[in-house]
Amino acid sequence: MIYLLFAVCIFSLDLFFKKQIETKEDTTFPIHLKGGITLEKHHNHGFIFNRLDQHPKLVRVVSCLTALPLIIWVFWLFTKKDTAITDSPPVAGPIGKLGAAFLLGGAASNLYDRLFRGYVVDYLRFRCRALPRGLKKIRNIIFNIADFFIFAGGLLTTVYHFFIK
């Protein structure tokens, strides 16, 4: 149950920030914060990098179809009793469940945007000069908190399934 609470908190936190961004006038952006972080208001009508932004209905349908198996898997995982790493094979563990909660919370927030706004609100850009050479392209990407939790959730579930299991 605690993992579902994590997902709800992630969902709520991201929607709170999105609402704060949406209520501000476009002319107030960009807002430069310390550490090379910039707040911006960007409406992403497509997938990552605005892919398929000219086909919003397709984007919504694909988003729903992708979310459905995720939701089923996450709730199945949440019903499993935590098993020890030494169990063979461990079905569910705290790291895997936390990763699933991160995925669920982030995906639900972005799906909510797509279904009820028609676009996903992105608002964080990193303009750090100290970025390593291979990460400089990150400067061109605008994120939201849900995106970070989706990434972290994917990383945690991958680590759990490949290295702990």
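Trainee: In which kind of crossing, left-handed or right-handed, does H2 pass H3?

Mentor: Happy to start there, and please keep in mind that this is a predicted model. The axes of helix H2 (residues 56-79) and helix H3 (residues 94-116) come within 10 Å. Where H2 passes H3, the crossing is left-handed.

Trainee: Are H2 and H3 roughly parallel or roughly antiparallel?

Mentor: Let's look at the angle. The axes of H2 and H3 cross at roughly 150 degrees. Angles over 145 degrees count as roughly antiparallel, so H2 relative to H3 is roughly antiparallel.

Trainee: How many nonpolar residues does the contact of H2 with H3 have?

Mentor: Let's see who takes part. From H2 come residues including Val59, Ala67, Leu70 and Ile71, and they meet residues of H3, among them Ala100, Leu103, Leu104 and Ala107. The contact also has two polar and three charged residues. The number of nonpolar residues is 17.

Trainee: Which aromatic cluster includes Phe75, and is Phe75 buried or partly exposed?

Mentor: Phe75 is found in helix H2. Leaving aside residues up to four places away in sequence, Phe75 touches Leu4 and Leu104. The cluster is formed by Tyr3, Phe6, Phe75 and Phe78. With a relative accessible area of 38%, Phe75 is partly exposed.

Trainee: How far apart in space are Phe75 and Lys97, C-alpha to C-alpha?

Mentor: In sequence, these two are 22 residues apart. Phe75 belongs to H2 and Lys97 to H3, and both are listed where the two helices meet. C-alpha to C-alpha, the distance from Phe75 to Lys97 is 9.7 Å.

Trainee: Are the rings of Tyr112 and Phe116 stacked or tilted?

Mentor: The count of aromatic pairs comes to eleven. For Tyr112 and Phe116, the ring centres are 4.7 Å apart and the planes stand at 40 degrees, so the pair is tilted.

Trainee: What separates Tyr112 and Phe116 along helix H3?

Mentor: Tyr112 is partly exposed at 34% relative accessibility, whereas Phe116 is exposed at 62%. The two are four residues apart in helix H3, so their separation is about one helical turn.

Conventions. Residues are numbered from 1 along each chain as its sequence is written. This is a predicted model: local features need pLDDT of at least 70, side-chain atom pairs count only at pLDDT 80 or more; totals for chains, interfaces and linings use all residues. Side-chain values use heavy atoms; hydrogens and water are left out. Axes are lines fitted to C-alpha atoms, for helices over the stretch in contact, and angles run from 0 to 180 degrees between N-to-C directions. Angles under 35 degrees count as roughly parallel, over 145 as roughly antiparallel, 65 to 115 as roughly perpendicular and the rest as oblique. A crossing is left-handed if the near helix is turned anticlockwise from the far one by less than a right angle, and right-handed if clockwise. Contact means heavy atoms within 4.5 Å. Ala, Val, Leu, Ile, Met, Phe, Trp, Tyr, Cys and Pro count as nonpolar, Asp, Glu, Lys and Arg as charged, and the others, Gly among them, as polar. Rings of Phe, Tyr and Trp (its six-membered ring) pair if their centres lie within 6.5 Å; planes under 30 degrees apart count as stacked, over 60 as edge-to-face and the rest as tilted. Buried means under 20% relative accessible area, exposed over 50%, partly exposed in between (1.4 Å probe, protein chains only).
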